[in-house]
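Have a go at each task before you read on.

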Amino acid sequence: MDAKDILGLPKNALPIQEKKSKPPKESQRKPDGISREVYALTGGIAPLMPTIDVNQLKRKAQSENEKITWQWLSFTNSARKDNLQLYHWVRVVNGVPPTGDYSFAKYNKSVDVIKYTDEEYEKHLTHKAWTKEETDQLFDLCERFDLRFVIIADRFPSSKTVEELKDRYYSVSRAIVNARASSPGDVVGHPLIKEPYIASQETDRKRALSLLLSQTKQQERKDVEVLAHAKRITEARKSIKASEEPKVPAISDSGPLGADKDNAADPITPSGQFPSTTNPASEIASVMASLRTLRVYLRTYALDQMVQAASSSAGLRTIKRVEQTLQDLGVNLKPKVPTKAVCAEHLELRKEILTLLNLQKQLQYKEAEGSSFRDGSYSETPGTPPKALRAADLDRTFTPDSLNIGGERFVKKEQKRKGPGRLSEAPSSPAQSKRPRKYKASD
């Protein structure tokens, strides 16, 4: 018995259904300009970017009426002075040959060599080491070989070095330019005047280059090691200098741990002296040392740093008073023309105002202290207790900390025994004559 018997189904097999044949897909032809791999990935989807070759866009559509042939034709070159006639293949459209100059004639560039007259030579160009014939020959060769001085030195009859030929040519050209100018200011931007040729520098450059190129591999390795060692020494010195230099304190608006800025800005000790701070001169010196490491900086930035260093010993309230004093004097907080002299005077004025404010503060404190001494009142002076409290301290008997309960009772009995006001009226007996009270077992 199987499942079909249980369900009461016939045991014959199910009729086989014939598969419906799917209609064949229409084969899409791969468009030109797309690779087979890209087309298989995209599946014929339109690409985001055009796939047409750019060179196909540049091609001009050839009209049906155009007839293109190639012909062997003659041509002349404007760069040549002998009117030489040569031949080459030319693309001819509809039997009309192209007109115009030779296409490669535009690359014929020549140097404009300055010419001089006999009068100019006698007046401006005479030299004890050069004759007029040698100078004329030099300028002819320069015009012929387009300032290729190596070839000129090879063609020159006398034994002159390349540096000597260059020096003579450029010195003569520079003298002619200066002589023909109406004023020296007209030729300031001329290349011969702006960048003159110096033969000694050229000689030193070639000597150094020859020494460099003649080095052996061992010497090159040694030079590399020396340079690397020098670089390590420089970096070590910079790191040591940076660690030794103190950082310039920056003035911030937020006080430490949210404390009151006005109260914590200008603390004064009871003795009337200001708290010990670092010397502003040393702070400014450290700022200047740190600025030298920057090499390039704005002078206004340097002034701000030096003002912060000079005001580092003062509080925020004092700095505001300095700025208010500057405004009262009609002085800008920052110089409009921050030259070196103006910045130095501005910084000196700030130092003098800061010193004046500190002296005024000390004077006010001293006057308050003197008035308290004249009135005979010590209660105004901070840290001085009243006389009555001092007498009470002398009459009080020392009670150990371990007898807290009995001490409370002892204080109450003392208050009962002595009424209010008796402590300051009656003279106090010496502490040695008092006998300590004997405590009972219940206490």
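The protein chain has 18 helices and 2 strands, where helices (H or I, at least four residues) and strands (E, at least two) are DSSP runs numbered from the N terminus. This is a predicted model: local features need pLDDT of at least 70, side-chain atom pairs count only at pLDDT 80 or more, and totals for chains, interfaces and linings use all residues. Residues are numbered from 1 along each chain as its sequence is written, and side-chain values use heavy atoms, with hydrogens and water left out.

**Exercise 1.** Check the span of helix α5 (residues 132–144) at 1.5 Å a residue.

*Solution.* 
- The expected span is 1.5 Å times one less than the number of residues.
- For the 13 residues of α5 that should give 18 Å, and the end C-alpha atoms are 18 Å apart, so the two agree.

**Exercise 2.** Work out which residues of α5 are buried and what they pack against.

*Solution.* 
- Buried means under 20% relative accessible area, exposed over 50%, and partly exposed in between (1.4 Å probe, protein chains only).
- T135, L138, F139, L141 and C142 are the buried residues of α5.
- Looking down the axis of α5, these buried residues fall within an arc of 160°, so they line one face of the helix; the arc is that of the directions from the helix axis to the C-beta atoms.
- Exposed E133 and R144 sit on the face of α5 turned away from its buried side.
- α4 (118–124), α6 (149–155) and α7 (162–180) are what the buried residues of α5 pack against, with contact meaning heavy atoms within 4.5 Å.
- Just after α5, D146 takes a positive phi of about 55°.

**Exercise 3.** Classify how α13 (residues 299–310) packs on α15.

*Solution.* 
- The two pack at an angle of about 20°, with axes 11 Å apart; axes are lines fitted to C-alpha atoms, for helices over the stretch in contact, and angles run from 0 to 180 degrees between N-to-C directions.
- That makes α13 roughly parallel to α15, since angles under 35 degrees count as roughly parallel, over 145 as roughly antiparallel, 65 to 115 as roughly perpendicular and the rest as oblique.
- On the α13 side, the contact residues are R299, L303, M306, V307 and A310.
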